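Q: I would like to go through this model with you, pockets and helix packing in turn. Could we look at it together?
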Amino acid sequence: MPNIVPGALAPLDIAALAGPDAPRHPPRILLLYGSLREVSYSRLCAEEGARVLRALGCETRFFDPSGLPLPDDANDQHPKVAELRELALWSEGMVWSSPERHGAMTGIIKTQIDWLPLSPIGGMRPTQGKTLALMQVSGGSQSFNTVNQMRILGRWMRLITIPNQSSVPMAWKEFENGRMKPSSLYNRIVDVMEELAKFTIMTRGRDAILTDRYSERVETQQDVHKRVSG
């Protein structure tokens, strides 16, 4: 990691951030990207983010969207759908990195999210109560259309979307031999990954409390009452 100033990036203090009964294993982060190009700057940015996360003590995994069918064009037993859902269930936090195409996130990143249900899979929800960081790349001037759209989507998926975000303009200028050059844009990615890791440590293990909803408790009690009364 040649862009990191020695001594400026320290592994996270899990004991200081987590509660007394919280998990102590490395935070598990899934990274999704929104381009299938051979030189994909959204993937390269995600890879830079993953290096930072690992330096902080996190475990990272990627999902390759190549071959993922369109929503409703296959069932949830499709191998790529099953792989994506398994990774989402494994994760405690996510990174979504997308190019801006026609002023919006790409269909590739949206398709991945559309395959993740809000309802539980085997008793576990793939997104609700987990953390999320957002990044976008642009071929031209800086824009925030894509991160703003993904932020709405993250909220809809009941993810804890962190405040910080990254937008890399003219991304083709920011990389050399597959690695990002030193810049304030690179430093922002480091900031975002640091914040994601901290939020993940602080909130994981508390999802049962954070996602406990009055409306769902009422529905459950009403179902029990109907069953007993019937």
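Q: What is the volume of the second largest pocket?
A: In this predicted model, the second largest pocket has a volume of about 240 Å³.

Q: Which residues are the closest to its centre?
A: Arg37, Tyr41, Pro99, Val137 and Gly139 are the closest to the centre, out of the 14 residues that line the second largest pocket.

Q: And how do the residues of that lining divide?
A: The lining of the second largest pocket has six nonpolar, five polar and three charged residues.

Q: What about the largest pocket, what volume does it have?
A: The largest pocket has a volume of about 370 Å³. It is lined by 20 residues, of which Met124, Arg125, Gln128, Lys130 and Asp207 are the closest to its centre.

Q: How many residues of that lining are charged?
A: Six are charged, alongside ten polar and four nonpolar residues in the lining of the largest pocket.

Q: Changing topic: at what angle do the axes of H2 and H6 cross?
A: The axes of H2 (residues 41-55) and H6 (residues 184-203) cross at roughly 55° and come within 9 Å. H2 is therefore oblique to H6.

Q: Is the crossing left-handed or right-handed?
A: H2 passes H6 in a right-handed crossing.

Q: Which residues make the contact?
A: H2 contributes Cys45, Glu48, Gly49, Val52 and Leu53. From H6 come Tyr186, Ile189, Val190, Met193, Leu196 and Ala197.

Q: How do the residues of this contact divide?
A: The contact of H2 with H6 has nine nonpolar residues, one polar and one charged.

Methods
Residues are numbered from 1 along each chain as its sequence is written. This is a predicted model: local features need pLDDT of at least 70, side-chain atom pairs count only at pLDDT 80 or more; totals for chains, interfaces and linings use all residues. Side-chain values use heavy atoms; hydrogens and water are left out. Axes are lines fitted to C-alpha atoms, for helices over the stretch in contact, and angles run from 0 to 180 degrees between N-to-C directions. Helices (H or I, at least four residues) and strands (E, at least two) are DSSP runs, numbered from the N terminus. Angles under 35 degrees count as roughly parallel, over 145 as roughly antiparallel, 65 to 115 as roughly perpendicular and the rest as oblique. A crossing is left-handed if the near helix is turned anticlockwise from the far one by less than a right angle, and right-handed if clockwise. Contact means heavy atoms within 4.5 Å. Ala, Val, Leu, Ile, Met, Phe, Trp, Tyr, Cys and Pro count as nonpolar, Asp, Glu, Lys and Arg as charged, and the others, Gly among them, as polar. On a 1 Å grid over the protein atoms alone, a cavity is a set of points where a 1.4 Å probe fits but cannot get out, and a pocket is an open set with protein on both sides within 12 Å along at least five of seven lines; lining residues have an atom within 4 Å of a point. Grid points are joined across faces, edges and corners, and a volume is the space filled by probe spheres set on the points.
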